[in-house]
Amino acid sequence: MIDALSNTLHPDLQQALLVLRQGGVVAFPTETYYGLAVDPFNSQALDRLFQLKRRPLAKPILVLINSQEQLPRLAADIPGRFQPLMDRFWPGPLTLIFPAQLDLLPALTAGTGTVGVRISSHPLAQSFCTAAGGAITATSANLSGHAPAVSEQEVLAQFGHGLDWLLKGGATQGGPASTIITANLGTLGLIRQGAIPFGEVEKAG
């Protein structure tokens, strides 16, 4: 099935999947910026991701899933106000912060007890996530403190040969990143204003 997907959907997908399985880091396009994918359930891969990005360990890592059916692997609970948001804005640039499953790796949650999840609307990101088993990390493709990469050239300029694989998808849209939303005692909270205005989120939720 994976081989069929890779041959049909994208010439580089098969190699990207091989790199991912071996614990490597793959840059791939999303509807906003390029992201960096590793297996979110592989501790060594997460360590490599942090080293490559020079990212502080206190910052958690966003996870992309290919469908809402993947949520139980990551989220211990789904806040009631999140369901209409998922129905309205997924796939799309909306990250929701869920209570994390207790067995998730500490590097993924940064000890917060929560995990950020979204579904990408970019066709190649969706294909990659599906072929990889339904969940990949999607932290932005940039060195910590630098601007997120919007093109293959910008990815290579920041990471060069340190990156294990680049899944080429042309230039991305750029602009605001995903909006990040939390829910506490039934109240929606804005963690980061992004591509979807908070007012729209509040109306939908």
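**Rings, cores and a hairpin**

Tutor: Start with phenylalanine 82, which is buried, its relative accessible area being 0%. Buried means under 20% relative accessible area, exposed over 50%, and partly exposed in between (1.4 Å probe, protein chains only). Keep in mind that this is a predicted model, where local features need pLDDT of at least 70 and side-chain atom pairs count only at pLDDT 80 or more, while totals for chains, interfaces and linings use all residues. Residues are numbered from 1 along each chain as its sequence is written, and side-chain values use heavy atoms, with hydrogens and water left out.

Student: How many aromatic pairs are there, by the rule for rings?

Tutor: Rings of Phe, Tyr and Trp (its six-membered ring) pair if their centres lie within 6.5 Å; planes under 30 degrees apart count as stacked, over 60 as edge-to-face and the rest as tilted. That rule gives three aromatic pairs. For phenylalanine 28 and phenylalanine 128, the centres are 5.6 Å apart and the planes at 70°, so this pair is edge-to-face. Phenylalanine 28 sits in strand β1 (residues 26–29) and phenylalanine 128 in helix α6 (residues 123–131), so the pair ties together parts 100 residues apart in sequence. Helices (H or I, at least four residues) and strands (E, at least two) are DSSP runs, numbered from the N terminus. Both phenylalanine 28 and phenylalanine 128 are buried.

Student: What is the geometry of the aromatic pair of phenylalanine 82 and phenylalanine 98?

Tutor: Edge-to-face, at 5.1 Å centre to centre with 80° between the planes. Phenylalanine 82 lies in helix α4 (residues 82–89) and phenylalanine 98 in strand β4 (residues 94–99), so parts 16 residues apart in sequence are tied together. Phenylalanine 98 is buried too, with a relative accessible area of 0%. Ring pairs link Phe82, Trp90 and Phe98 into a cluster.

Student: Which residues touch the most other members of the largest nonpolar core?

Tutor: A nonpolar core is a set of buried Ala, Val, Leu, Ile, Met, Phe, Trp, Tyr and Cys residues joined through side-chain atoms within 4.5 Å. The largest has 43 residues, and Trp90 and Phe98 touch the most other members. Its largest share, five residues, comes from α3. A second, separate core of 18 residues includes Phe28 and Leu124.

Student: In what sense do β9 and β10 pair?

Tutor: Two strands pair if DSSP finds at least two bridges between them. Strand β9 (residues 179–184) and strand β10 (residues 187–192) are antiparallel, over five bridges. They form a hairpin with two residues between them, and leucine 185 in the turn has a positive phi of about 55°.
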